[in-house]
Amino acid sequence: MKSWALYGITRKLTEPFKKLEENTGKMDKIFRRSLNIYPIDVGNNGDLNFEMAALAAPQYNIHRFGIFFADSPRHADVLLVLGRCSEKMVGPLKETVNQLPKPFNIIIVEDGTDFGISARDLSLPNVIAYYDKKLEAGEILSVLLNITGDKK
Amino acid sequence: MRLLGVLEKDSKELLILQDRNQLSLESIDNIKEKFANYTMLKNRDKHIGSKAVKGNGVFNFRYGPVTGGVGDAGVFNIYTYGERILSVDIDPGYKKRNIETLIKNTALHQAVNWSENVCSNFAFSHSCAFLRAVEKAGSFRSDEVTQRIRIIGIELERIYNHLYVISRLSKGASQNVLASHLEGLFEEALRTNKLFSNSRFLKHTNDLFIDKNNFKKLDEAALKTKNIKEKFEELYEHSLASWNFIDRLYKTAVLDQKKALEIGVTGPTLRAAGCREDLRVYEKFYDNFKIITKDKGDVLARMQVRAEEIMLSCDMVIDQIDKIKKMQQNNSKIDEPSISGFGMGYCESPSGLVLYFVNMNKGIVQDVYISTPSVFGFKAFADSFVGYIFTDFSFSFDSFGINFADCAR
């Protein structure tokens, strides 16, 4: 049996990725090929949390585009707000936005359900993209590449 | 006998009880037995776990609702003096969406939609349990094609959930190559779901009667499932040879059988504690089904149960697809406005028993109660984590396969 390190390089799982053109705002060029994102669940039904987990899969290999998950909002360039906000999550969401270092941007992706409050109605600053429907992992990657203006 | 829920009706308290595959609704006055999980179920929307601990140097380490460690919105109040965990109290309220209230006074299809949105990674199990409760209320049974398609949906759901849990465990143990390959298989499993049902989370598929002609890519789904099984078998065998990995999971967050039964936990957590209980054995169309158990009750045992269930589920999906292809579609229909009465239905979801109590009047849902495996799973986590250290948090929590969306509804 091969060691894990050798086993790892015997399989090529990364797939070519062609981004879809999305109608989003654009971030400063300095974030191209270096973007740290922090996802926050504000009360979604679980779809989007699992899509974020899928985004970490080697098929997408987001690191090749310079996209990384930040461990804290204080290290993030983009806050990804996932879902519609439950009553108790309004305060923590606003506090998380306060913790973001400037310049930052916010992407709101809802899960297509009716419950909770739309984060768009919370007057959050620097919202660069808003979707009132659920996005799949590949679509989320497209949005991230669109906001940084990545040509891939 | 297990207590699965406490509901109030006409200012009377009713208990939802389960004995093997028999469900019953009893007035609390008629039951002499005391259930250790009664208070926990009564307060399931406020807090789950143990009380706050006070003492010299003891403080509350509040983890959540916004942390890098737990992606779901919820709060863990962890009482510790800095090393050993003394008590865990969980607040699931950050994810509360009042879905039971939203389901009331809705027509059947809207109600199925709500049930799928309780928790997307158990969407098919929730819709199955709901529809089975409706079938009981209306005193009819769905046809064989529908039941076999539901088996495929339930098992596909189990495969991707178990893959997700094991990938989280391997990531927590810094087994990055294993984690990366498992994440790859997890994505493949989601794509298989989409081939099967046109939804990565198997939504908008389940119904009282399902038309098999809606499923155009069964062969491709079967082939992908076969590939997932082959790749997973290789990875699993490889992972068990990694002592670094095993050492992190072995004897971590042990939940013994007595405690598991007291809490009322079901699913892989109960089977990993040595209890041979899986309600799929009572279902008519599960062919060649076997219950997988382990006896240590630790994180490793829970992972082993899930790993072996992945392989079993893959076989079942392939087998059921093969059978469905040869079957004739029965064009059964039910007049939905004719459904009146109450019923209870269950489904063995990837993390335990999902149960629905419904009261229908002329096809409209009048009342509903949802019992979810995550409520019991959170209590099991809170109890089993005591005595361990914070470094064990990710293994302990992830091994139960639970989430706040399912718990808080």
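**Figure 1. The largest nonpolar core.** The largest nonpolar core has 165 residues. A nonpolar core is a set of buried Ala, Val, Leu, Ile, Met, Phe, Trp, Tyr and Cys residues joined through C-beta atoms within 7 Å. A residue is buried if 20 or more other C-beta atoms lie within 10 Å of its own, exposed if 12 or fewer, and partly exposed in between, with C-beta atoms placed from the backbone. This is a predicted model: local features need pLDDT of at least 70, side-chain atom pairs count only at pLDDT 80 or more, and totals for chains, interfaces and linings use all residues. Residues are numbered from 1 along each chain as its sequence is written, while chains are lettered from A and ligands numbered from 1 in the order in which they are written. Which residues have the most contacts inside the core? They are Leu80(A), Val81(A), Val134(B), Leu163(B), Phe186(B), Tyr356(B) and Val358(B). Helix H5 (residues 144-172) of chain B gives the most to this core, with 13 residues. Helices (H or I, at least four residues) and strands (E, at least two) are DSSP runs, numbered from the N terminus.

**Figure 2. The surroundings of Tyr356(B), one of the core residues with the most contacts.** Two residues are in contact if their C-beta atoms, placed from the backbone, lie within 7 Å. Set aside the neighbours of Tyr356(B) within four places in sequence. Tyr356(B) is then in contact with Ala129(B), Phe130(B) and Ala133(B), and also with Met344(B), Gly345(B), Val368(B) and Ile370(B).

Figure 3. Val78(A), Leu80(A) and Leu82(A) point one way from E3(A). Leu79(A) and Val81(A) point the other way. Two strands pair if DSSP finds at least two bridges between them. E1(A) and E3(A) pair in the parallel sense over 5 bridges. Here Ile37(A) has Val78(A) as its bridge partner. E3(A) and E4(A) also run parallel, joined by 5 bridges. Opposite Val81(A) stands Ile108(A) in E4(A).

**Figure 4. Helix H4 of chain A, mostly covered.** H4(A) has 12 residues, 137-148. Its expected span is 1.5 Å times one less than its number of residues. How many residues of H4(A) are buried? The count is 10 of 12. Among them are Ala137(A), Ile140(A), Leu141(A) and Ile147(A). The cover over the buried residues includes E1, H2, strand E2 (67-69), strand E4 (105-109) and strand E5 (127-131) of chain A. After H4(A) comes Gly149(A), with a positive phi near 75°.

**Figure 5. Two cis peptide bonds.** In chain A, the peptide bond from Lys102(A) to Pro103(A) is cis, with omega near 0°. Pro103(A) sits in the loop between H3 and E4 of chain A. In chain B, a cis peptide bond joins Gly64(B) and Pro65(B), with omega about 5°. The loop that holds Pro65(B) runs between strand E5 (59-63) and strand E6 (75-80) of chain B.

**Figure 6. Loop residues with positive phi in chain B.** Asp10(B) is not a glycine, yet its phi is positive, about 50°. Asp10(B) lies in the loop between strand E1 (2-9) and strand E2 (12-19) of chain B. Is Asp10(B) buried or exposed? Asp10(B) counts as exposed, because it has 5 C-beta neighbours inside 10 Å. Arg20(B), also a residue other than glycine, has a positive phi near 50°. Its place is the loop between E2 and strand E3 (22-27) of chain B. Arg20(B) is exposed, with 11 other C-beta atoms within 10 Å.

**Figure 7. Where chain A touches chain B.** Here 35 residues of chain A are in contact with 33 residues of chain B. Helix H1 (4-9), strand E1 (35-41), helix H2 (47-55) and helix H3 (90-99) of chain A each supply at least two residues of the chain A side. Which element gives the most to this side? H2(A) does, with 6 residues. By class, the side has 18 nonpolar, 11 polar and 6 charged residues. Ala, Val, Leu, Ile, Met, Phe, Trp, Tyr, Cys and Pro count as nonpolar, Asp, Glu, Lys and Arg as charged, and the others, Gly among them, as polar.
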